[in-house]
Amino acid sequence: MITPKKQYSDEFREQALAKVYNRGTRTIQDIADESNLSIHTLKTWMSQTAPTDIPKPNPAKRPQD
């Protein structure tokens, strides 16, 4: 028997991702368990959404540049 795919609201997804990106010493698995999500679902969301508050590294420059 195939179980129907769960649909999560954008708000719920944003809250779960915010918890992941501000988790401190907790693991992603801890956040998934707390949010009643599969870790695979949470990691998929992470790969689809880039965190906005994490600065992107500047490309390395040569010393003469």
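User: Which residues is Ala-16 in contact with, leaving aside its neighbours within four places in sequence?
Analyst: Ile-31, Leu-37, Leu-42 and Trp-45. Contact here means heavy atoms within 4.5 Å. This is a predicted model, where local features need pLDDT of at least 70, side-chain atom pairs count only at pLDDT 80 or more, and totals for chains, interfaces and linings use all residues. Residues are numbered from 1 along each chain as its sequence is written, and side-chain values use heavy atoms, with hydrogens and water left out.

User: Ok, which residues make up the largest nonpolar core?
Analyst: There are 9: Ala-16, Leu-17, Val-20, Ile-28, Ile-31, Ala-32, Leu-37, Leu-42 and Trp-45. H1, helix H2 (28-34) and H3 each supply at least two residues of this core. A nonpolar core is a set of buried Ala, Val, Leu, Ile, Met, Phe, Trp, Tyr and Cys residues joined through side-chain atoms within 4.5 Å. Buried means under 20% relative accessible area, exposed over 50%, and partly exposed in between (1.4 Å probe, protein chains only).

User: And how many helices and strands in the protein?
Analyst: 3 helices and 0 strands, running α-α-α from the N terminus on. Those are DSSP runs numbered from the N terminus: helices are H or I with at least four residues, strands E with at least two.

User: Switching topic: how many aromatic pairs?
Analyst: The count comes to 3. One of them is Tyr-8 with Phe-12, stacked at 5.3 Å centre to centre and 15° between the planes. Rings of Phe, Tyr and Trp (its six-membered ring) pair if their centres lie within 6.5 Å; planes under 30 degrees apart are stacked, over 60 edge-to-face, and the rest tilted.

User: Is Phe-12 buried, exposed or partly exposed?
Analyst: Partly exposed, at 26% relative accessibility. Phe-12 also pairs edge-to-face with Trp-45, 6.4 Å centre to centre and 85° between the planes.

User: What does that pair tie together?
Analyst: Parts that are 33 residues apart in sequence, because Phe-12 sits in helix H1 (residues 10-21) and Trp-45 in helix H3 (residues 39-48). Tyr-8, Phe-12 and Trp-45 form one aromatic cluster.

User: How accessible are Tyr-8 and Trp-45?
Analyst: Tyr-8 is partly exposed at 27% relative accessibility, while Trp-45 is buried, with a relative accessible area of 5%.

User: What share of the protein's residues is buried?
Analyst: Buried residues make up 15% of the 65.
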